[in-house]
Amino acid sequence: MSFIYQPRSNAELEQIAEIILGRYARRRSGHFVDIEAIIEDAEITPIPRRGGLHKFVNGYAATNPKYIVISESFASYPERYRSILAEEFCHIVLEYEIFKTGILPIDAQPHNLTFDQHQQIEHDAQYLARAVLIPKDSLIPLWREHFENAPAGVRHAEDCRLIHCAESLESFFVVWPLTIAYRARDVDLITDGQCRSYFSDRLAI
Amino acid sequence: MIPLMLNLDEVSEAEFNQKLYLAREHSRLEFSDLFLRDQLAPARCSTSGDKQIDEKTREDILKAVFAPLS
């Protein structure tokens with residue numbers, strides 16, 4: 001039987017995030033979600049590796065779902081490290097039914113996915129990772145507060161004001177501002193156009 | 001930690017460390033002693049620009065992961 005990935009709607013992904021955040025509520029401290037502790041609670045071990053791994057991949061969920069391999073080069077920048085770990089954790093959550101077997105069917109292996117499957121799988125894992133790392137109930141009031149109280153120097157231009165919000169919230173969530181901008185788009189705090197123009201087309205990824 | 005758990009005195013701890021050193025020199029523990037390639041084969045990857053990996057990259061990833069640390 002060939003591999004089928006059933007894409008999730010954004011509403012479903014938000015629900016899954018709420019379940020994860022509820023299940024690991026003690027790992028949330030104020031606005032900060034301790035994804036490394038959640039991963040540890042789930043008995044998954046991150047394995048930082050060198051060997052030029054970063055040339056090929058930032059990190060990955062291994063075939064055995066007890067392991068996430070991550071390029072050690074990100075270890076000194078928690079804002080990126082945490083996002084990568086969260087994404088890989090979410091891959092395992094979203095496809096646990098096939099991960100739990102410890103054997104990935106040939107047509108489910110990453111190099112054998114169709115373009116659409118790859119896009120859908122990545123979209124869902126990235127969306128869920130953002131929803132877990134940046135809970136909606138924390139982001140919305142914080143974003144509005146920082147938008148309203150933006151310093152005079154950035155109030156004059158929409159782009160400066162939105163960038164100010166994303167950059168100011170980096171320290172609350174410990175994820176990099178681009179990820180915060182994507183999450184702000186996910187929850188309709190900014191439009192897709194604003195997200196592209198002021199963030200993803202502007203920042204080096 | 002181990003000397004602490006075993007409640008070793010200074011002399012015994014020195015002896016323990018010497019034997020541990022010799023054991024490590026005799027047979028170094030490698031990454032591949034702990035993990036199998038099949039279990040660490042990439043299943044879902046985070047790449048720059050969300051690029052899908054191909055079969056060659058999959059192999060390159062495994063080579064990098066199992067490369068001895070310099």
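**Figure 1. Burial and overall dimensions of chain A in the predicted model.** Of the 205 residues of chain A, 41% count as buried, a residue being called buried if 20 or more other C-beta atoms lie within 10 Å of its own, exposed if 12 or fewer, and partly exposed in between, with C-beta atoms placed from the backbone. This is a predicted model, in which local features need pLDDT of at least 70 and side-chain atom pairs count only at pLDDT 80 or more, while totals for chains, interfaces and linings use all residues. Residues are numbered from 1 along each chain as its sequence is written, and chains are lettered from A and ligands numbered from 1 in the order in which they are written. Chain A has 10 helices and five strands, where helices (H or I, at least four residues) and strands (E, at least two) are DSSP runs numbered from the N terminus. The radius of gyration of chain A, at 18 Å, is close to the 17 Å that the globule rule gives for 205 residues, so chain A is as compact as a globular protein of that length; this radius is taken over C-alpha atoms, and the rule is 2.2 Å times the number of residues to the power 0.38. The C-alpha trace of chain A spans about 60 × 35 × 35 Å along its principal axes.

**Figure 2. The largest nonpolar core and A:V132.** This core has 64 residues, and those with the most contacts inside it are A:L128 and A:V132; a nonpolar core is a set of buried Ala, Val, Leu, Ile, Met, Phe, Trp, Tyr and Cys residues joined through C-beta atoms within 7 Å. Its largest share, nine residues, comes from helix α3 (residues 78-94) of chain A. Leaving aside residues up to four places away in sequence, A:V132 touches A:A17, A:I20, A:L21, A:V33, A:I35, A:A86 and A:C90, contact meaning that the C-beta atoms of two residues, placed from the backbone, lie within 7 Å.

**Figure 3. Strand β4 of chain A, paired with β5(A) and with β1(B).** Three bridges join β4(A) to strand β5 (residues 67-71) of chain A in an antiparallel arrangement, and the two strands form a hairpin with four residues between them. Four bridges join β4 (residues 59-62) of chain A to β1(B), and these strands also run antiparallel; strands are taken to pair if DSSP finds at least two bridges between them. A:A61 has A:I68 as its bridge partner in β5(A) and stands opposite B:R44 in β1(B), while A:A62 stands opposite B:P42 in β1(B).

**Figure 4. The contact between chain B and chain A.** The contact takes 25 residues from chain B and 30 residues from chain A. On the chain B side, the elements that give two or more residues are α4 (37-40), β1 (42-46) and α5 (55-66), and α5(B) gives the most, with seven residues. The residues on this side divide into 11 nonpolar, seven polar and seven charged, where Ala, Val, Leu, Ile, Met, Phe, Trp, Tyr, Cys and Pro count as nonpolar, Asp, Glu, Lys and Arg as charged, and the others, Gly among them, as polar.

**Figure 5. B:V65 in helix α5 of chain B.** B:V65 is buried, with 26 other C-beta atoms within 10 Å. Not counting residues up to four places away in sequence, B:V65 touches A:R49, A:G51, A:L53, A:V69 and B:L40. The C-alpha atoms of B:V65 and B:L40 are separated by 8.5 Å, although these residues are 25 residues apart along the chain.
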